[in-house]
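Trainee: Could we go through this model together? I would like to begin with the overall fold and then turn to single residues.

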Amino acid sequence: MAGPSALSVYALRLGPGEDLLSSLVTFVEKKKLKAPFIITCVGSVAKATLRLANATASNTNEIIHLSERLEIVSLVGTLNKEAHLHVCLADKDGKTIGGHAVGNLEVFTTAELIIGEASNLQFTREMDERTGFPELIISSPSKQA
């Protein structure tokens, strides 16, 4: 645990056909953000690849590929180099599905994102032997003079 930290806020809009996940990673790299996270997101996607719950290191569980117009009802997570995002999507009938955003989140109409950065923190990931996954490491980098 680390903090407290000052907050910087960024806004980003993605348009039709853009890949949400790779666009976020590019945004973070260009801005040189050290501890970024999603504050909120609204919009829609035409495609999505999700890993469903109950995964372990030896069984990464079911991966599903969706190819339909879906509303983004929620998008949460951290955006360091190995972004860890969970998304909840709703179909034309309002039924929802959610999971770990693996990729291929193709924007349908728009994705309006508010991104935060904890200015005095740094997010990295290291393999955790207990879970078998690279897990979040939170640090307070020392300031250079």
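Trainee: What should I know about the model before we start?

Mentor: This is a predicted model, in which local features need pLDDT of at least 70 and side-chain atom pairs count only at pLDDT 80 or more, while totals for chains, interfaces and linings use all residues. Residues are numbered from 1 along each chain as its sequence is written, and side-chain values use heavy atoms, with hydrogens and water left out.

Trainee: How many helices and strands does the protein chain have?

Mentor: The protein chain has 1 helix and 8 strands. Helices (H or I, at least four residues) and strands (E, at least two) are DSSP runs, numbered from the N terminus. In order from the N terminus, the elements run β-α-β-β-β-β-β-β-β.

Trainee: And what is the radius of gyration of the protein chain?

Mentor: The radius of gyration is 16 Å, close to the 15 Å that the globule rule gives for 145 residues, so the protein chain is as compact as a globular protein of that length. The radius is taken over C-alpha atoms, and the rule is 2.2 Å times the number of residues to the power 0.38. Along its principal axes, the C-alpha trace spans about 55 × 35 × 20 Å.

Trainee: What percentage of the residues in the protein chain is buried?

Mentor: Buried residues make up 35% of the 145 residues. Buried means under 20% relative accessible area, exposed over 50%, and partly exposed in between (1.4 Å probe, protein chains only). The protein chain exposes about 8,600 Å², of which carbon and sulfur atoms supply 52%; accessible areas come from the Shrake-Rupley method with a 1.4 Å probe, and for residues only the protein chains shown count as cover.

Trainee: What about contacts between residues at least 6 apart in sequence?

Mentor: Of those contacts, 63% join residues at least 24 apart. Contact means heavy atoms within 4.5 Å.

Trainee: Changing topic: how many salt bridges are there?

Mentor: The count comes to 3 salt bridges, each being a side-chain nitrogen of Lys or Arg within 4 Å of a carboxyl oxygen of Asp or Glu. Side chains of opposite charge can pair when their charged atoms come close.

Trainee: Which residue does Lys 47 meet in a salt bridge?

Mentor: The side chain of Lys 47 meets that of Glu 106, at 3.7 Å from N to O. This pair links distant parts of the chain: Lys 47 belongs to strand β2 (residues 36–51) and Glu 106 to strand β6 (residues 96–118), 59 residues apart. Lys 47 is partly exposed at 32% relative accessible area, and Glu 106 is partly exposed at 24%.

Trainee: And the other pairs?

Mentor: Asp 128 and Arg 130 form a salt bridge at 2.8 Å, N to O. Asp 128 is buried, with a relative accessible area of 13%, whereas Arg 130 is exposed, at 76%. Asp 93 and Lys 92 also meet in a salt bridge, at 3.5 Å, N to O, and both of these residues are exposed.

Trainee: Is Ile 38 buried or exposed?

Mentor: Ile 38 counts as buried, at 7% relative accessibility, and lies in strand β2. Leaving aside neighbours within four places in sequence, Ile 38 is in contact with several residues, including Leu 24, Leu 75, Leu 85 and Ile 114.

Trainee: What does Asp 19 touch?

Mentor: Not counting residues up to four places away in sequence, Asp 19 touches Asn 104, Leu 105 and Glu 106. Asp 19 is found in the loop between β1 (7–14) and α1 and is partly exposed, with a relative accessible area of 23%. The C-alpha atoms of Asp 19 and Val 45, 26 residues apart along the chain, are separated by 9.1 Å.

Trainee: Since Asn 104 has come up, what is its phi?

Mentor: Phi of Asn 104 is near 55 degrees, a positive value in a residue other than glycine. Most residues other than glycine have a negative phi. Asn 104 is found in strand β6 and is partly exposed, at 37% relative accessible area.

Trainee: Where does Lys 32 lie?

Mentor: Lys 32 lies in the loop between α1 and β2. Lys 32 has a positive phi of about 55 degrees although it is not a glycine, and Lys 32 is exposed, with a relative accessible area of 63%.
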